[in-house]
Amino acid sequence: MHAMNRRTDRSDGTGADPRGAHDTDVIVVGAGPTGLLLAGDLAEAGLRVTLLERRSAEISNLTRALVVHARTLEQLDARGLADELVAGGHPLTGLRLFGRATIDPTRLRSRFPFVLVTPQFEVERVLERRARRAGVTFRHDSEVLGLDQDAESVTVRFRTAEGLGSVRAAYVVGTDGVRSTIREAVGLPFPGKSVIRSLVLADVRLAQEPDSPLTFNATGEAFALIASFGGGWYRVIGWNRHRQAAGDAPADLEEVRELTRLALGSDYGMHDARWVSRFHSDERQVPSYQVGRAFLAGDAAHVHSPAGALGMNTGLQDAANLSWKLAAVLRGRAPDGLLDSYQSERHPVGKQALRSSGALIRLALLPTAPGRAVRALAAQLVNRVRPLARRAVRTISGLGIAYPAGPGAHPFAGRRAPDLRLAGGSRLYELLRQGRFVLITPAGEPGVPQAPASGGGSSRPGDDRVVTACWRSERRTALLVRPDGYIAWATDATAPAARAAALRGAVAHWTGTEDGASIANALTPPAHAADTPAGR
């Protein structure tokens, strides 16, 4: 469902509604990685954000995610958080699937040509610290009961130990997981099916250290993954074809040992399990990520098997896509129609994540010898055919994600911007930490404020929406990069007058400096764009 296509005038110059109209600007429900990144982005943009979380502050989230991929690390780098995570994690320069296929991230053209093994709680730790510093209001022990919305606002009702309460805002975003209360409250279905049941998770210690911080294999009888948490603890995720218990049946350490021996040939002397749990894995996606003033992101919008480690990464990238658009609308720099592009850009990405993880899990579960022979052949093709290998690693890493661009757009439009080296020694993703569009031009471009010698970027006079920088090389292409690190516009034109006019028009068009409606129009794809593949 599309948002109301209404330009909202703000009275205080900050983009927020008059202070008496709403209790807060945006309500985020769910303090997992997706919600924390989104809330932090909005608060850093100067908006009032209230984050509601059912858990108490002392209870940690159930950590299932173990891997941060290159594109997510780039998004975290744009927030000044990636280097800390990398320093405390385990960067892997290769992944071996099914004992044969090798995924080689070292070929990625990224500052992060590896797969980072680090537990979800470490990602949450750095994101929560940032959100608190930015001024997000955390309300733990708050169980959301439902919501009501109209043309001007949304009110979320919740319950705490002290009783019932409510909070009113311009928008609400449900990042509250697979059992999302926000999704249920707006009446969205969650179509799909269960693809694997009786998955077992455990945190254990090992007497023998595996060869890699991330070890995975699948046979016809079982599959298992072992990942290091650090501090001597390891996460085990596995499945045994011969032990298909109900979801609420207890699991124990001996079951974990058995499935690990079946899949990996050893249980590595595992002992001292601090917890063992059982769950099932679904493939589901909502038909729409937006209903009026309510949005869904992360597992509340899409869920799939753990194969490929795409879940947390996809959710964090949902948040990065939505946050700058909400900020632009709430600060009066774009009409509500800009928010429609969240659906057209991110829904196909969620769909692709379901397909990719589904293909991997089905390959892992092949029960017959002929099926496993086909899997082995496919693995050999991935290893030997470079285009297949490149496509596989770009799909899993997230670097291959691109968004639809309008007719006649430059070939770069909609694509991820790499971490370009700029004049003065700066990097693009350092400039993106300001939360603004970045305009990159050749040195001496007429009518463009030039970056200082320090390379820190320069703002357009009287405007805090765009920071400008120059190429370090002699390249003549001009680029306008969105706050989420995707290219909004580019030109190779060389005629000075035409180039200057195009550049001025593009900045106005995309940032709302002269015509706020144009940014929404530029992001509105053709009617068929929802079916456009997410990767290029």
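Tutor: In this predicted model, rings of Phe, Tyr and Trp, the last by its six-membered ring, count as a pair if their centres lie within 6.5 Å.

Student: How many aromatic pairs does the count come to by this rule?

Tutor: The rule looks at the distance between ring centres, with 6.5 Å as the cut-off. Applied to this structure, the count comes to 9 aromatic pairs.

Student: Are the ring planes of Phe216 and Phe223 stacked, edge-to-face or tilted?

Tutor: Planes under 30 degrees apart count as stacked and those over 60 as edge-to-face, with the rest called tilted. The centres of the Phe216 and Phe223 rings are 6.3 Å apart and their planes stand at 50°, so the pair is tilted.

Student: Which strands do Phe223 and Trp239 lie in, and how far apart in sequence are the parts that the pair ties together?

Tutor: The rings of Phe223 and Trp239 have centres 6.1 Å apart and planes at 25°, so this pair is stacked. Phe223 belongs to strand S15 and Trp239 to strand S16, so the pair ties together parts whose separation in sequence is 16 residues.

Student: Is Trp239 buried or exposed?

Tutor: Buried means under 20% relative accessible area. Because its relative accessibility is 5%, Trp239 counts as buried.

Student: In the pairing of strand S15 with S16, which residue of S16 is the bridge partner of Ala227?

Tutor: Strand S15, residues 222-230, pairs with S16 in the antiparallel sense over 8 bridges. Within that pairing, the partner that Ala227 has in S16 is Arg235.

Terms used:
Residues are numbered from 1 along each chain as its sequence is written. This is a predicted model: local features need pLDDT of at least 70, side-chain atom pairs count only at pLDDT 80 or more; totals for chains, interfaces and linings use all residues. Side-chain values use heavy atoms; hydrogens and water are left out. Two strands pair if DSSP finds at least two bridges between them. Helices (H or I, at least four residues) and strands (E, at least two) are DSSP runs, numbered from the N terminus. Buried means under 20% relative accessible area, exposed over 50%, partly exposed in between (1.4 Å probe, protein chains only).
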